[in-house]
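Thanks for coming. I will go through one chain today, so please have a look at it first.

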Amino acid sequence: MQLPKGKLSFFNRTGPATLRRGAGAGSLGFRPRPAPDTLDPMPAPLTTFHVNTERGWRGGEQQMAYLLAGLRRRGHRVVVAVVPDGEACRRLASEGYEVMPVPMHGEADLLSVARLARRLNRVRPDVVHLHTSHAHALG
């Protein structure tokens, strides 16, 4: 049987797997990959700083919450900068996340840039994740 060049990723009944040309595991080179929750821990936990400027709670905020939960579950420090009157501030604080309310009023708000810079200097994160287009403009 001819296998395509490179790798094909697909899901089987037990989870994600990788098919490799010429690999030694079985006649087709089938080698299961570890499930996401079975990844080896990192040598040291990271501090991640997330910025979201939305006041409501929609799909992007839910995706951010999934990411925060996964990072926290793996032992990383998660810090979130959100607008103080937003739904994300309320929900994430109630879940026990380290929330920093930061008033953010649009993309040309230099005061918000200074506020974020002060918090970043205080937290000293390894990773900064700007979750919205407005957050990108401020960051």
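Residues are numbered from 1 along each chain as its sequence is written, and side-chain values use heavy atoms, with hydrogens and water left out.

Confidence first. pLDDT is the predictor's confidence in each residue, from 0 to 100. Its mean over the chain is 79, and 68% of the residues reach 70 or more. Over residues 6-15 pLDDT stays under 50, and it also stays under 50 over residues 17-27. Where pLDDT is low, the predicted coordinates should not be read in detail.

Now the layout. Helices (H or I, at least four residues) and strands (E, at least two) are DSSP runs, numbered from the N terminus. The chain has four helices and seven strands, in the order β-β-β-β-α-β-α-β-α-β-α from the N terminus. Of its 139 residues, 35% are buried; buried means under 20% relative accessible area, exposed over 50%, and partly exposed in between, with a 1.4 Å probe and protein chains only. Counting contacts (heavy atoms within 4.5 Å) with a separation of 6 or more, 49% are between residues 24 or more positions apart.

Next, the cores. A nonpolar core is a set of buried Ala, Val, Leu, Ile, Met, Phe, Trp, Tyr and Cys residues joined through side-chain atoms within 4.5 Å. The largest has 13 residues, and Phe-49, Val-51, Ala-81, Met-104 and Leu-116 have the most contacts inside it. At least two residues of this core come from each of β4 (47-52), β5 (77-82), α3 (110-123) and α4 (133-138). Apart from it lies another core, of twelve residues, including Leu-68, Ala-88, Cys-89 and Tyr-97.

Last, helix α2. Which residues of α2 (residues 87-94) are buried? They are Ala-88, Cys-89 and Leu-92. After α2 comes Gly-96, with a positive phi near 90 degrees.

Technical notes
This is a predicted model: local features need pLDDT of at least 70, side-chain atom pairs count only at pLDDT 80 or more; totals for chains, interfaces and linings use all residues.
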